[in-house]
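Please look over the notes below alongside the model.

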Amino acid sequence: MFWERIQDSLWLLLFLPLFTVCGLRLLPYLRLPRLGSSQAKAAGDAQGLQPGQAASTALAATVGTGNIVGTAQAIAMGGPGAVFWLWCAAILGCGIKYAEIYQGQRFGGAMGYIAWTLGRPAAAFYAALAALSALVVGNMAQMNGAVNALCGGERALPRLLLGLLLVLLLWRQLCGGVGGVGRACAGLVPPMSVCYVLALGYALFSLRVRIPAVLGEILDNALAPRAPIGAAGGLALRQTILWGLRRGAFSNEAGLGSAANIHAEVQTSQPQLHALWGVFEVLVDTLVLCTLTALVILCSGTSIPWGSLPGPELLQQAIAPVYGERGAAAFLAASLGLFGFSTVLGVYVCALRCVRWLWGDQAERRYRRLYLLCAFCGCLLPTGLIWQMADGVNVLLAVPNLLALLLLSGSTVRALRSIRRGKP
């Protein structure tokens, strides 16, 4: 209980003011149409990941079970109003994501700009925590969600066998290095995201009569929630904001620095243009995928277990009238399996840069073994324990990263102004 109170306080103290300060200053200058010129100018200079591969890898690290399970948990714990705060975290988080990628290009990853602003000990703390976060948040939580969906219960033997199969597939991909992971993500993430959008879009179209009422309910409950977990007044509002911010951060990872480490693998002479990929990633991950998930759940009228941490069953129940019980179960199992596996791949690229920064290239093999072991453990551990660990690591990871970005906000704004003036 004591740790949860500290954790909640940090979310409010860090994310609300820093998202506002950074996000409101950066968003007016964003120029997403310049992404095409970013691709063209960076491709010739790139020796590691190509810009599109880096964006797919970063999306793989964010488009995961958080888009399904995390969104359902935000609604169940914070009420419909949590969706509004999830949107706020995404819109303002676009500026944070841009700043992370731009400064990561300048300094060679998140550890570089943290060391420059806060000192090497703070960067070492961040790198160690990011490597731990990759094991817990990006690895164990995603594998847990994927196995839960594919096995459909707590049966030990199927979970064990499926866990072994997924770990073998993961091992095969990780042995290909950063380039191999980038190519795998580039081939996997775009088609699976499009299929998810089309499937949920069709389900939402069949429920379109309910959309205006649900949007009104989201807005009404954003600032005056009806205490879904028995809280009242200001406490209910606090829960609504907290769960929207928590799951928004878990979904798009804006403020956690992962995108900075992944996009640092791209060598380009136009970092201010390349950083626009961060805005695109947040918009796709949260404002498209999470919003679709939330609207389908709320429009369906399915029973929501208020005050609990549900799994993927909420979305399955929501789309069952459209696709049938078996069709909904198969679609959700395939989505969670692909989303979770791609996230585990993408997060590894971020973690690997942290490990190399701390201990050098010789530590890569040992960390890969630990990563595979944690992936297997994630298949077997209880869901609630994994998500509690994920929240705790996320909030600690955001502290040095957001402070460093705040100190560097002046140079980030100047970079955005150069795009606005046509001087990339």
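The points below cover the salt bridges first and then a helix.

1. The model is a predicted one. It holds 5 salt bridges, and some of them are taken up in the points that follow.

2. Lys97 pairs with Glu281 in a salt bridge, with 3.6 Å between the closest N and O atoms. This pair links distant parts of the chain: Lys97 sits in helix 5 (residues 81-107) and Glu281 in helix 14 (residues 276-300), 184 residues apart. Both Lys97 and Glu281 are buried.

3. Arg356 and Asp361 also meet through their side chains in a salt bridge, at 3.7 Å from N to O. Arg356 is partly exposed, its relative accessible area being 30%. Asp361 has a relative accessibility of 54% and therefore counts as exposed, the cut-off being over 50%.

4. A salt bridge joins the side chains of Arg368 and Glu364, at 3.7 Å from N to O. These two residues lie 4 residues apart in helix 16, so about one helical turn separates Arg368 from Glu364. An α-helix has 3.6 residues a turn, so residues three or four places apart point the same way. Arg368, at 16% relative accessibility, and Glu364, at 15%, count as buried because the limit is under 20%. Salt bridges with shared partners connect Arg356, Asp361, Glu364 and Arg368 in one network.

5. Does the length of helix 16 agree or disagree with its residue count? Helix 16 (residues 364-378) has 15 residues and should span 21 Å at 1.5 Å a residue; its end C-alpha atoms are 21 Å apart, so the two agree. Buried residues in helix 16 include Tyr367, Tyr371, Leu372 and Phe376.

Note on methods: Residues numbered from 1 in each chain as written. Predicted model: local features only at pLDDT ≥ 70, side-chain atom pairs only at ≥ 80, totals over all residues. Heavy atoms only, no water. Expected span 1.5 Å × (residues − 1). Buried < 20%, exposed > 50% of the residue type's maximum accessible area, 1.4 Å probe, protein only. Salt bridge = Lys/Arg side-chain N within 4 Å of Asp/Glu carboxyl O.
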